[in-house]
Amino acid sequence: MIQISNLHKSYVMGNNSLHVLKGMDLQIEEGEFVSIMGSSGSGKSTLLNILGILDDYDQGTYYLGGKLIQGLNETRAAMTRNEMIGFIFQSFNLISFKNAAENVALPLYYQKVSRKKRNLIALEYLDRLGLKEWAHHLPSELSGGQKQRVAIARALISQPKIILADEPTGALDSTTSFEVMDILKEINDQGKTVIIVTHEHDIAAMTKKIIRLKDGVIEEVIKNGELQLFKDRVRTE
Amino acid sequence: MFDVDVWQEIFSTIKKNKLRTFLTGFSVAWGIFMLMILLGSGNGLQNGVTKQFESNSINIMWLWTGDTSMPFEGMKEGRTIKFNNADYAFLKEKGENLENVSSRYYLPGTIMYTYKNEYGSFETSSCHPALLGMEKVNVISGRFINELDMSDFRKVIVIGDNVKKALFKDEDPIGKYVKLNNVPFKVIGLTLDKDRRNERTAYIPVTTAQRIFNGADRVHSFAVTTKMVKTEQEAEAITDKVREGLAMRHKFDPKDKKAMGSFNMLAQYIRTMKIFQAIKLFVWIIGIGTLIAGIVGVSNIMLILVKERTREIGIRKALGATPGSVIGLVLLESILITTVAGYMGLVIGVGIMEGINYGLEQALAAGGGDRIFFSNPTVDFTTAITSMVILVVSGALAGYLPARKAANVKPIEALRDE
């Protein structure tokens with residue numbers, strides 16, 4: 001699903017150039033449930049932005065679903081994002097003056113799906129996440145967990161190949177965090193590739209593969225079977 | 001573009017910022033309002049002054065004689081110049097730039113009009129049939145003087161409404177005889193002057209006038225209409241040509257304004273219209289200037305709006321909004337604000353001018369001032385449409401910079417958690 005090889009990215013700030021990703025190689029197969037971890041400055045946000053086609057890279061190659069993502073213009077990038085990727089953010093990023101259903105339907109709006117049809121689909125997705133009764137509430141009237149579930153519904157509605165979640169539980173208490181993780185797990189069980197960026201070990205431990213970044217390269221990859229080991233190690237750290 | 005969702009989004013942002021939207025719109029409305037008031041006033045002034053020209057053909061020219069004030073070919077100044085019928089023939093045949101000619105013989109002394117027991121003295125204008133169109137004589141019943149009246153020296157008279165009222169009261173004057181110094185004239189027509197300028201006037205054929213009132217072939221003045229020309233220079237050239245021709249016949253200096261006076265209405269008209277063109281240009285410049293101030297205001301507000309909505313735009317982009325759709329959103333909002341506000345300003349401005357027009361017409365109908373230099377101060381349809389087009393274009397211009405800024409929003413920066 002995702003194939004990255006020798007990826008370089010640096011940010012130029014005035015006269016200084018900050019080399020963030022230093023030749024990263026990464027492969028994520030279809031249906032994987034991956035978490036990306038790393039201390040701040042390790043390049044995990046940069047990687048996520050590149051994966052989400054929100055940012056460009058300097059060197060190397062990035063294939064998404066067999067397609068080379070490189071030097072896309074803004075319109076192409078927007079369309080590819082809309083088609084392939086569902087985003088979930090730490091701060092939900094719902095549009096405040098739109099109700100839950102309208103927020104969920106927004107990606108379909110950019111696919112030029114008719115209003116009636118997309119609202120129907122949005123309701124369906126909200127129902128799946130147990131929010132049918134809240135469909136006509138504004139985000140300000142929802143709790144944090146509900147907001148994140150609306151955001152998940154929005155990420156799913158365009159039926160993307162991968163879900164990119166940036167600290168999806170960062171703004172939630174632990175109970176709701178686990179709820180949200182359960183939902184993501186369920187989504188993964190249905191065959192979607194889910195990639196989350198997190199710094200919480202117990203959240204990462206709920207995924208099937210952990211990629212730890214350090215200084216712009218992959219430090220280690222911990223696979224499913226070794227997770228218990230990882231948990232134990234974290235606990236002793 | 002005419003998508004319900006787009007409008008819904010625009011309205012929801014407008015609703016969130018009612019006061020700001022109102023203030024923004026107000027500056028545009030004010031601009032177009034001022035433009036309409038200025039244009040309307042300019043038109044009113046122009047119409048009022050144009051109306052002063054309306055009582056005659058605008059290409060009319062009058063010629064009259066006096067005493068020479070310059071020596072000419074050895075002759076001293078102070079000679080009296082007199083027109084005669086030969087001059088009429090000369091103007092009629094040789095005046096290449098002239099259309100119609102009418103000569104006038106001033107009746108000597110005071111002419112007393114009598115009908116039965118009523119009498120009075122009125123201005124008697126002797127003329128050719130052509131004067132009908134030249135001085136826009138408005139015949140409301142009967143007819144005007146014709147060529148047969150001229151050649152047969154008929155004693156016929158066309159009287160103004162006031163003459164009729166004084167002599168005939170409620171009687172129908174057509175076919176009756178009115179005596180001018182005891183000479184009976186048959187009334188053949190009745191005129192009504194809209195400006196009440198010539199109502200105390202009566203018209204008789206100039207040939208008859210010369211014969212009955214001992215005029216021989218004497219002519220006091222000419223009214224001629226000239227070829228319609230576009231420029232003041234051309235109009236003055238016609239005057240000069242006519243002056244030269246007559247000066248040659250009567251041996252006076254063509255530049256001698258005392259020997260022969262002339263007034264070319266067309267030259268005057270063109271001069272006046274030029275002034276109004278300048279006024280109109282000035283009004284547009286001022287109006288557009290005011291409008292630009294409004295547009296800059298809209299642009300400014302839209303920029304702030306885009307800045308405020310940076311995060312929202314970032315979210316949209318992450319979800320697949322193309323730069324085009326973001327630009328469309330901002331542009332449409334800007335156009336909507338300017339168009340709606342501008343339209344309101346337009347309606348109010350036009351409304352006020354129409355109101356003033358109504359008041360003026362009422363005053364005129366009530367008989368107030370017949371010399372109003374202000375008439376129909378309204379803006380025509382084309383101007384209003386032009387203004388609307390300007391509004392839409394300016395709305396697009398106002399939204400252009402902010403829209404570009406919005407399109408350049410980088411989702412990663414917009415979505416970065418504070």
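This is a predicted model: local features need pLDDT of at least 70, side-chain atom pairs count only at pLDDT 80 or more; totals for chains, interfaces and linings use all residues.
Reader: What do the buried residues of helix 6 of chain A pack against?

Author: They pack against strand 3 (33-38), strand 6 (85-88), helix 5 (144-157), strand 7 (162-166), strand 8 (193-197) and helix 7 (201-204) of chain A. Contact means heavy atoms within 4.5 Å. Buried means under 20% relative accessible area, exposed over 50%, partly exposed in between (1.4 Å probe, protein chains only). Helices (H or I, at least four residues) and strands (E, at least two) are DSSP runs, numbered from the N terminus.

Reader: Which residues of helix 6 of chain A are buried?

Author: Among them are Val180(A), Met181(A), Ile183(A), Leu184(A) and Ile187(A). Seen down the helix axis, the buried residues fall within an arc of 155° (directions from the axis to the C-beta atoms), so they line one face of helix 6.

Reader: Which exposed residues does the face turned away carry?

Author: Thr175(A) and Asp189(A).

Reader: What caps the N-terminal end?

Author: Asp173(A) does, with a side-chain oxygen 3.2 Å from the backbone nitrogen of Thr175(A).

Reader: New topic. Is Arg309(B) buried or exposed?

Author: Arg309(B) is buried, with a relative accessible area of 10%.

Reader: Where is the place of Arg309(B)?

Author: In the loop between helix 9 (265-308) and helix 10 (310-318) of chain B.

How values were computed. Residues are numbered from 1 along each chain as its sequence is written. Chains are lettered from A and ligands numbered from 1 in the order in which they are written. Side-chain values use heavy atoms; hydrogens and water are left out. A polar contact is a pair of N or O atoms within 3.5 Å; within protein, one must be able to donate a hydrogen and the other to accept it, and residues adjacent in sequence count only if both atoms are side-chain atoms.
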